[in-house]
Amino acid sequence: MPVVFRGETPAGALRFPAVVPEAMTMRRFGMAVAASASAARNAAAGAPFYLTDIALPSGQTPSPEALVRWLWSAVAAGASGMELGASTPQDSRVWTLRNIQGGPSSRSVAVDAVCGTLVANRDIFAGAKPLPSPISVLYTRESAPAGGQASALAFYEILTENGLYPEMAEMSEYGWDAPSFKGRCIVIAGQVSVPSRYYPLLREFVKKGGKLVVEGLSFYYDEDMAPAFARPFPLADVMGGVLEDSETFPGLRKLKIGKYKLWASGQCGLVHNEASGESLTFMRNKYGRGTVLWMPSSIALGTVESGHRRRFSKFLLSELSEIVAEMPIRFRRLRKGICMQVLQVPGGLVTVVGSSASHRRKVRMKTSLKVGKQLFMNPVDGHEGRARNRKVKVHAGQTNVAFWKEKVK
(Lines give C-alpha, C1' and ligand atoms only; values in the text may rest on other atoms or scores of the structure.)
Protein backbone atom coordinates (compact mmCIF):
# COMPACT_ATOMS: atom_id res chain seq x y z
CA MET A 1 0.00 0.00 0.00
CA PRO A 2 1.41 3.45 -0.90
CA VAL A 3 2.72 5.65 1.87
CA VAL A 4 3.70 9.31 2.04
CA PHE A 5 7.18 10.24 3.23
CA ARG A 6 7.81 13.53 4.95
CA GLY A 7 11.47 13.69 4.16
CA GLU A 8 13.64 11.27 2.21
CA THR A 9 12.57 8.00 0.63
CA PRO A 10 14.17 4.73 1.81
CA ALA A 11 17.80 4.20 0.84
CA GLY A 12 18.21 2.53 -2.52
CA ALA A 13 14.63 3.20 -3.63
CA LEU A 14 13.93 4.17 -7.23
CA ARG A 15 13.13 7.87 -7.22
CA PHE A 16 11.50 9.70 -10.13
CA PRO A 17 10.92 13.46 -10.19
CA ALA A 18 7.54 14.60 -11.47
CA VAL A 19 8.68 16.27 -14.70
CA VAL A 20 6.39 19.14 -15.67
CA PRO A 21 7.17 21.70 -18.41
CA GLU A 22 7.89 25.17 -17.04
CA ALA A 23 5.20 26.72 -19.25
CA MET A 24 2.48 24.43 -17.85
CA THR A 25 -0.37 26.45 -16.36
CA MET A 26 -1.68 25.67 -12.88
CA ARG A 27 -4.99 24.52 -14.39
CA ARG A 28 -3.17 21.77 -16.30
CA PHE A 29 -0.58 20.99 -13.61
CA GLY A 30 -2.50 18.12 -12.01
CA MET A 31 -2.91 16.40 -15.36
CA ALA A 32 0.83 16.74 -16.00
CA VAL A 33 1.64 15.14 -12.62
CA ALA A 34 -0.66 12.21 -13.47
CA ALA A 35 1.13 11.75 -16.81
CA SER A 36 4.51 11.98 -15.09
CA ALA A 37 3.47 9.35 -12.55
CA SER A 38 2.49 7.00 -15.39
CA ALA A 39 5.86 7.57 -17.10
CA ALA A 40 7.69 6.85 -13.82
CA ARG A 41 5.84 3.56 -13.43
CA ASN A 42 6.93 2.43 -16.89
CA ALA A 43 10.50 3.53 -16.21
CA ALA A 44 10.53 1.52 -12.97
CA ALA A 45 9.77 -1.65 -14.97
CA GLY A 46 7.95 -3.37 -12.12
CA ALA A 47 10.26 -2.26 -9.31
CA PRO A 48 8.92 -0.19 -6.37
CA PHE A 49 9.23 3.52 -7.08
CA TYR A 50 8.60 6.87 -5.45
CA LEU A 51 7.61 10.24 -6.89
CA THR A 52 9.73 13.16 -5.74
CA ASP A 53 10.64 16.78 -6.32
CA ILE A 54 7.40 18.34 -7.53
CA ALA A 55 8.26 21.98 -8.22
CA LEU A 56 5.59 24.55 -9.02
CA PRO A 57 6.14 27.38 -11.52
CA SER A 58 7.86 30.43 -10.01
CA GLY A 59 8.27 28.72 -6.63
CA GLN A 60 4.57 28.86 -5.79
CA THR A 61 3.11 27.01 -2.81
CA PRO A 62 0.66 24.23 -3.68
CA SER A 63 -2.86 24.41 -2.32
CA PRO A 64 -4.15 21.54 -0.17
CA GLU A 65 -6.40 20.58 -3.09
CA ALA A 66 -3.39 20.35 -5.43
CA LEU A 67 -1.50 18.15 -2.95
CA VAL A 68 -4.48 15.81 -2.69
CA ARG A 69 -4.61 15.53 -6.47
CA TRP A 70 -0.89 14.76 -6.71
CA LEU A 71 -1.01 12.13 -3.98
CA TRP A 72 -3.92 10.27 -5.53
CA SER A 73 -2.22 10.46 -8.92
CA ALA A 74 0.81 8.72 -7.39
CA VAL A 75 -1.42 6.07 -5.79
CA ALA A 76 -3.28 5.46 -9.06
CA ALA A 77 0.02 5.08 -10.92
CA GLY A 78 1.16 2.37 -8.53
CA ALA A 79 3.81 4.38 -6.71
CA SER A 80 5.11 2.99 -3.42
CA GLY A 81 5.06 6.51 -2.03
CA MET A 82 5.63 10.20 -2.60
CA GLU A 83 8.34 12.36 -1.09
CA LEU A 84 7.06 15.67 0.24
CA GLY A 85 8.94 18.44 2.01
CA ALA A 86 8.92 18.42 5.81
CA SER A 87 11.09 21.47 6.52
CA THR A 88 9.73 24.83 7.63
CA PRO A 89 9.80 27.88 5.34
CA GLN A 90 12.84 29.21 7.25
CA ASP A 91 14.78 26.02 6.43
CA SER A 92 14.08 25.96 2.71
CA ARG A 93 13.27 28.22 -0.22
CA VAL A 94 10.75 25.72 -1.59
CA TRP A 95 7.24 24.89 -0.37
CA THR A 96 6.85 22.76 2.74
CA LEU A 97 4.17 20.85 4.63
CA ARG A 98 4.67 22.67 7.91
CA ASN A 99 3.69 26.22 8.78
CA ILE A 100 6.13 28.96 9.79
CA GLN A 101 6.00 27.88 13.44
CA GLY A 102 6.84 24.28 12.53
CA GLY A 103 3.32 23.03 13.20
CA PRO A 104 0.71 21.40 10.96
CA SER A 105 -0.59 23.45 8.03
CA SER A 106 -3.64 23.01 5.83
CA ARG A 107 -1.29 21.16 3.46
CA SER A 108 -0.28 18.59 6.07
CA VAL A 109 -3.91 18.13 7.11
CA ALA A 110 -4.78 17.34 3.47
CA VAL A 111 -1.94 14.81 3.28
CA ASP A 112 -3.11 13.15 6.50
CA ALA A 113 -6.63 12.79 5.07
CA VAL A 114 -5.30 10.89 2.06
CA CYS A 115 -3.11 8.66 4.24
CA GLY A 116 -6.05 8.01 6.56
CA THR A 117 -8.19 6.87 3.64
CA LEU A 118 -5.51 4.43 2.49
CA VAL A 119 -5.20 2.96 5.98
CA ALA A 120 -8.96 2.74 6.55
CA ASN A 121 -9.41 0.94 3.23
CA ARG A 122 -6.31 -1.24 3.29
CA ASP A 123 -8.39 -4.27 2.29
CA ILE A 124 -9.02 -2.53 -1.04
CA PHE A 125 -5.68 -0.83 -1.63
CA ALA A 126 -3.41 -3.66 -0.46
CA GLY A 127 -3.85 -5.47 -3.77
CA ALA A 128 -4.33 -2.40 -5.96
CA LYS A 129 -2.60 -2.19 -9.33
CA PRO A 130 -3.00 0.34 -12.15
CA LEU A 131 -5.54 -0.92 -14.68
CA PRO A 132 -3.57 -1.57 -17.89
CA SER A 133 -4.56 0.85 -20.62
CA PRO A 134 -4.76 -0.21 -24.26
CA ILE A 135 -3.68 3.32 -25.27
CA SER A 136 -0.09 4.49 -24.79
CA VAL A 137 1.35 7.94 -25.51
CA LEU A 138 5.06 7.46 -26.28
CA TYR A 139 7.83 10.05 -26.30
CA THR A 140 11.56 9.99 -27.05
CA ARG A 141 14.33 11.62 -25.05
CA GLU A 142 15.79 12.85 -28.32
CA SER A 143 12.67 14.96 -29.00
CA ALA A 144 12.67 16.79 -25.65
CA PRO A 145 14.81 19.76 -26.81
CA ALA A 146 12.34 20.39 -29.66
CA GLY A 147 9.29 20.50 -27.36
CA GLY A 148 8.12 16.93 -27.89
CA GLN A 149 7.03 16.68 -24.27
CA ALA A 150 4.43 19.42 -24.74
CA SER A 151 2.83 17.65 -27.72
CA ALA A 152 2.74 14.31 -25.90
CA LEU A 153 1.14 15.92 -22.83
CA ALA A 154 -1.45 17.67 -25.00
CA PHE A 155 -2.48 14.34 -26.53
CA TYR A 156 -2.51 12.72 -23.06
CA GLU A 157 -4.78 15.51 -21.83
CA ILE A 158 -7.28 15.12 -24.67
CA LEU A 159 -7.46 11.36 -24.16
CA THR A 160 -7.87 11.54 -20.38
CA GLU A 161 -10.62 14.17 -20.68
CA ASN A 162 -12.55 11.46 -22.50
CA GLY A 163 -11.96 9.09 -19.57
CA LEU A 164 -9.60 6.81 -21.51
CA TYR A 165 -6.83 6.74 -18.82
CA PRO A 166 -3.89 6.41 -21.26
CA GLU A 167 -0.42 5.47 -20.12
CA MET A 168 2.66 7.62 -20.76
CA ALA A 169 6.02 6.00 -21.51
CA GLU A 170 9.41 6.67 -23.04
CA MET A 171 9.63 4.68 -26.26
CA SER A 172 12.34 2.33 -24.98
CA GLU A 173 10.15 1.37 -22.00
CA TYR A 174 7.11 0.15 -23.95
CA GLY A 175 6.32 -3.58 -23.90
CA TRP A 176 7.47 -4.42 -27.42
CA ASP A 177 7.70 -8.18 -26.83
CA ALA A 178 3.96 -8.96 -26.77
CA PRO A 179 2.90 -11.81 -29.09
CA SER A 180 -0.04 -9.74 -30.39
CA PHE A 181 -0.99 -6.06 -30.32
CA LYS A 182 -4.61 -6.41 -31.35
CA GLY A 183 -6.70 -3.95 -29.35
CA ARG A 184 -3.67 -1.79 -28.53
CA CYS A 185 -2.89 1.76 -29.66
CA ILE A 186 0.34 3.75 -29.67
CA VAL A 187 0.26 7.54 -30.06
CA ILE A 188 3.42 9.34 -31.25
CA ALA A 189 2.71 13.08 -31.16
CA GLY A 190 5.23 15.80 -31.97
CA GLN A 191 8.25 13.50 -31.55
CA VAL A 192 10.50 15.11 -34.18
CA SER A 193 13.38 12.71 -33.49
CA VAL A 194 12.60 8.99 -33.46
CA PRO A 195 15.76 6.83 -33.45
CA SER A 196 15.95 4.26 -36.25
CA ARG A 197 16.30 1.44 -33.70
CA TYR A 198 12.55 1.78 -33.07
CA TYR A 199 11.57 1.39 -36.73
CA PRO A 200 11.51 -2.44 -36.72
CA LEU A 201 9.65 -2.44 -33.37
CA LEU A 202 6.96 -0.13 -34.72
CA ARG A 203 6.75 -2.19 -37.90
CA GLU A 204 6.08 -5.33 -35.85
CA PHE A 205 3.60 -3.48 -33.65
CA VAL A 206 1.39 -2.61 -36.63
CA LYS A 207 1.99 -5.94 -38.37
CA LYS A 208 0.75 -7.76 -35.25
CA GLY A 209 -2.53 -5.87 -35.15
CA GLY A 210 -1.73 -2.60 -33.37
CA LYS A 211 -3.12 0.85 -34.13
CA LEU A 212 -0.43 3.51 -34.64
CA VAL A 213 -1.41 7.19 -34.44
CA VAL A 214 1.27 9.60 -35.70
CA GLU A 215 0.85 13.36 -35.27
CA GLY A 216 2.82 16.51 -36.06
CA LEU A 217 6.41 16.39 -37.23
CA SER A 218 7.06 12.98 -35.70
CA PHE A 219 9.81 10.99 -37.47
CA TYR A 220 11.21 14.14 -39.14
CA TYR A 221 14.71 13.26 -37.86
CA ASP A 222 16.49 10.09 -36.80
CA GLU A 223 18.80 9.78 -33.79
CA ASP A 224 21.59 11.69 -35.57
CA MET A 225 19.22 14.55 -36.43
CA ALA A 226 19.46 13.53 -40.08
CA PRO A 227 16.20 14.25 -42.00
CA ALA A 228 14.47 10.88 -42.24
CA PHE A 229 12.12 12.00 -45.03
CA ALA A 230 14.92 13.38 -47.22
CA ARG A 231 15.91 9.84 -48.21
CA PRO A 232 13.89 6.63 -48.72
CA PHE A 233 11.83 6.51 -45.52
CA PRO A 234 12.11 3.02 -43.98
CA LEU A 235 8.52 3.12 -42.66
CA ALA A 236 6.90 4.41 -45.86
CA ASP A 237 5.16 1.08 -46.48
CA VAL A 238 3.90 0.90 -42.89
CA MET A 239 2.63 4.49 -42.77
CA GLY A 240 1.47 4.56 -46.39
CA GLY A 241 3.60 7.42 -47.66
CA VAL A 242 6.13 10.12 -46.85
CA LEU A 243 6.00 13.67 -45.57
CA GLU A 244 5.59 15.83 -48.66
CA ASP A 245 5.78 19.29 -47.14
CA SER A 246 5.53 21.16 -43.86
CA GLU A 247 4.80 24.81 -43.14
CA THR A 248 5.42 26.71 -39.91
CA PHE A 249 3.53 29.82 -38.83
CA PRO A 250 2.82 31.87 -35.68
CA GLY A 251 -0.23 31.08 -33.58
CA LEU A 252 -3.12 28.86 -34.64
CA ARG A 253 -4.50 27.83 -38.02
CA LYS A 254 -7.65 25.94 -38.94
CA LEU A 255 -7.42 22.93 -41.23
CA LYS A 256 -9.73 20.17 -42.39
CA ILE A 257 -9.20 16.59 -41.22
CA GLY A 258 -11.85 14.46 -42.88
CA LYS A 259 -15.21 16.10 -42.11
CA TYR A 260 -13.82 17.99 -39.10
CA LYS A 261 -12.36 21.50 -39.01
CA LEU A 262 -9.58 21.41 -36.41
CA TRP A 263 -6.92 23.77 -35.11
CA ALA A 264 -3.16 23.31 -35.56
CA SER A 265 -0.53 25.15 -33.52
CA GLY A 266 2.50 26.52 -35.37
CA GLN A 267 2.84 23.77 -37.97
CA CYS A 268 0.85 22.06 -40.73
CA GLY A 269 1.98 19.31 -43.08
CA LEU A 270 0.96 17.19 -46.05
CA VAL A 271 1.38 13.44 -46.57
CA HIS A 272 2.20 12.10 -50.02
CA ASN A 273 0.15 8.92 -50.47
CA GLU A 274 2.50 6.46 -52.18
CA ALA A 275 -0.37 4.40 -53.62
CA SER A 276 -2.59 7.15 -55.05
CA GLY A 277 -0.13 9.99 -55.47
CA GLU A 278 -2.44 12.33 -53.54
CA SER A 279 -1.37 15.11 -51.18
CA LEU A 280 -3.38 14.70 -47.98
CA THR A 281 -3.82 16.48 -44.63
CA PHE A 282 -4.20 13.02 -43.06
CA MET A 283 -4.29 9.41 -44.17
CA ARG A 284 -5.05 5.92 -42.97
CA ASN A 285 -3.03 2.89 -43.99
CA LYS A 286 -3.41 -0.84 -43.38
CA TYR A 287 -0.28 -2.90 -42.83
CA GLY A 288 -0.32 -6.53 -41.78
CA ARG A 289 -3.12 -6.95 -39.25
CA GLY A 290 -2.91 -3.36 -38.01
CA THR A 291 -3.57 0.20 -39.15
CA VAL A 292 -1.90 3.62 -39.10
CA LEU A 293 -3.51 7.05 -38.76
CA TRP A 294 -1.12 9.81 -39.83
CA MET A 295 -1.80 13.53 -39.22
CA PRO A 296 1.36 15.55 -40.05
CA SER A 297 0.15 18.72 -38.28
CA SER A 298 0.37 19.86 -34.63
CA ILE A 299 -3.29 19.20 -33.90
CA ALA A 300 -3.05 18.12 -30.25
CA LEU A 301 -1.35 21.37 -29.19
CA GLY A 302 -3.73 23.35 -31.39
CA THR A 303 -6.72 21.63 -29.78
CA VAL A 304 -5.54 22.38 -26.23
CA GLU A 305 -4.40 25.95 -26.98
CA SER A 306 -7.59 26.87 -28.86
CA GLY A 307 -9.87 25.24 -26.30
CA HIS A 308 -11.86 23.55 -29.08
CA ARG A 309 -11.62 19.97 -27.86
CA ARG A 310 -14.96 18.50 -28.89
CA ARG A 311 -14.37 18.06 -32.62
CA PHE A 312 -10.98 16.44 -32.24
CA SER A 313 -12.33 14.21 -29.48
CA LYS A 314 -15.13 12.98 -31.75
CA PHE A 315 -12.61 12.30 -34.50
CA LEU A 316 -10.32 10.35 -32.15
CA LEU A 317 -13.14 8.33 -30.61
CA SER A 318 -14.34 7.30 -34.06
CA GLU A 319 -10.80 6.24 -35.03
CA LEU A 320 -10.34 4.27 -31.79
CA SER A 321 -13.89 2.96 -31.55
CA GLU A 322 -13.00 -0.76 -31.52
CA ILE A 323 -10.37 -0.26 -28.81
CA VAL A 324 -12.50 2.07 -26.68
CA ALA A 325 -15.47 -0.33 -26.81
CA GLU A 326 -13.48 -2.93 -24.85
CA MET A 327 -12.50 -0.59 -21.99
CA PRO A 328 -14.39 -1.49 -18.77
CA ILE A 329 -15.00 2.12 -17.74
CA ARG A 330 -14.77 5.53 -19.42
CA PHE A 331 -16.62 8.85 -19.68
CA ARG A 332 -19.77 8.95 -21.76
CA ARG A 333 -18.54 12.19 -23.29
CA LEU A 334 -15.71 14.70 -23.13
CA ARG A 335 -15.37 16.46 -19.77
CA LYS A 336 -12.96 19.36 -20.07
CA GLY A 337 -10.63 19.79 -17.11
CA ILE A 338 -11.28 16.29 -15.71
CA CYS A 339 -8.60 13.61 -15.39
CA MET A 340 -9.34 9.97 -14.52
CA GLN A 341 -6.97 7.20 -13.46
CA VAL A 342 -8.10 3.65 -12.69
CA LEU A 343 -6.87 0.93 -10.33
CA GLN A 344 -7.62 -2.78 -10.37
CA VAL A 345 -8.54 -3.89 -6.87
CA PRO A 346 -10.05 -7.05 -5.37
CA GLY A 347 -13.68 -7.26 -6.49
CA GLY A 348 -13.69 -4.30 -8.87
CA LEU A 349 -12.07 -1.02 -9.83
CA VAL A 350 -11.13 2.22 -8.09
CA THR A 351 -11.42 5.47 -10.02
CA VAL A 352 -9.50 8.63 -9.16
CA VAL A 353 -11.31 11.57 -10.77
CA GLY A 354 -9.65 14.96 -10.37
CA SER A 355 -11.05 18.31 -11.51
CA SER A 356 -9.14 21.39 -12.52
CA ALA A 357 -12.25 22.88 -14.11
CA SER A 358 -13.55 26.21 -12.91
CA HIS A 359 -16.98 24.93 -11.93
CA ARG A 360 -18.91 21.80 -10.99
CA ARG A 361 -18.79 18.81 -13.31
CA LYS A 362 -21.09 15.80 -13.44
CA VAL A 363 -19.31 12.88 -15.05
CA ARG A 364 -21.43 10.02 -16.37
CA MET A 365 -19.54 6.77 -16.82
CA LYS A 366 -20.01 4.18 -19.53
CA THR A 367 -19.56 0.93 -17.63
CA SER A 368 -21.39 -2.17 -16.46
CA LEU A 369 -20.18 -1.52 -12.89
CA LYS A 370 -21.83 0.60 -10.21
CA VAL A 371 -20.35 2.58 -7.35
CA GLY A 372 -19.99 0.33 -4.33
CA LYS A 373 -18.43 2.87 -2.00
CA GLN A 374 -17.13 6.41 -2.12
CA LEU A 375 -13.69 6.23 -0.55
CA PHE A 376 -12.52 9.84 -0.56
CA MET A 377 -13.73 13.30 -1.47
CA ASN A 378 -12.12 16.52 -0.29
CA PRO A 379 -14.62 19.35 0.31
CA VAL A 380 -13.59 22.58 -1.44
CA ASP A 381 -15.05 25.90 -0.28
CA GLY A 382 -17.84 24.00 1.45
CA HIS A 383 -18.86 22.15 -1.71
CA GLU A 384 -19.40 18.41 -1.51
CA GLY A 385 -18.88 15.98 -4.35
CA ARG A 386 -20.18 12.44 -4.58
CA ALA A 387 -20.10 9.17 -6.51
CA ARG A 388 -23.32 7.19 -6.89
CA ASN A 389 -24.72 4.68 -9.38
CA ARG A 390 -22.73 5.49 -12.55
CA LYS A 391 -22.14 9.18 -11.86
CA VAL A 392 -19.32 11.15 -10.26
CA LYS A 393 -19.77 14.79 -9.28
CA VAL A 394 -16.76 17.00 -8.63
CA HIS A 395 -16.31 20.71 -8.00
CA ALA A 396 -13.32 22.82 -9.02
CA GLY A 397 -10.17 21.45 -7.39
CA GLN A 398 -11.82 18.33 -5.97
CA THR A 399 -10.59 14.76 -6.18
CA ASN A 400 -13.17 11.98 -5.91
CA VAL A 401 -12.06 8.40 -5.28
CA ALA A 402 -14.64 5.64 -5.59
CA PHE A 403 -14.79 1.84 -5.54
CA TRP A 404 -16.78 0.28 -8.39
CA LYS A 405 -18.08 -3.16 -7.58
CA GLU A 406 -18.06 -6.00 -10.10
CA LYS A 407 -21.34 -7.76 -10.74
CA VAL A 408 -21.61 -11.14 -9.07
CA LYS A 409 -21.94 -13.75 -11.81
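**View 1. Glu319, a buried residue of helix H9****.** Glu319 has a relative accessible area of 12%, which counts as buried (under 20%; exposed is over 50%, partly exposed in between; 1.4 Å probe, protein chains only). The model is predicted: local features need pLDDT of at least 70, side-chain atom pairs count only at pLDDT 80 or more, and totals for chains, interfaces and linings use all residues. Residues are numbered from 1 along each chain as its sequence is written, and side-chain values use heavy atoms, without hydrogens and water.

**View 2. Salt bridges of Glu319****.** A salt bridge here is a side-chain nitrogen of Lys or Arg within 4 Å of a carboxyl oxygen of Asp or Glu. Glu319 pairs with Lys211 at 3.4 Å, N to O. Lys211 sits in strand S9 (residues 211-215) and Glu319 in helix H9, 108 residues apart. Helices (H or I, at least four residues) and strands (E, at least two) are DSSP runs, numbered from the N terminus. Lys211 is buried too. Glu319 also meets Arg284, at 2.7 Å, N to O. Arg284 lies in strand S13 (residues 283-287), so this pair ties together parts 35 residues apart in sequence.

**View 3. The salt bridge of Glu157 and Arg309****.** The closest N and O atoms are 2.7 Å apart. Glu157 belongs to helix H5 (residues 148-160) and Arg309 to the loop between helix H8 (299-306) and H9, so the pair joins parts 152 residues apart in sequence. Both Glu157 and Arg309 are buried.

**View 4. A salt-bridge network****.** Arg141, Glu170 and Glu173 are linked here. The whole structure holds 9 salt bridges.
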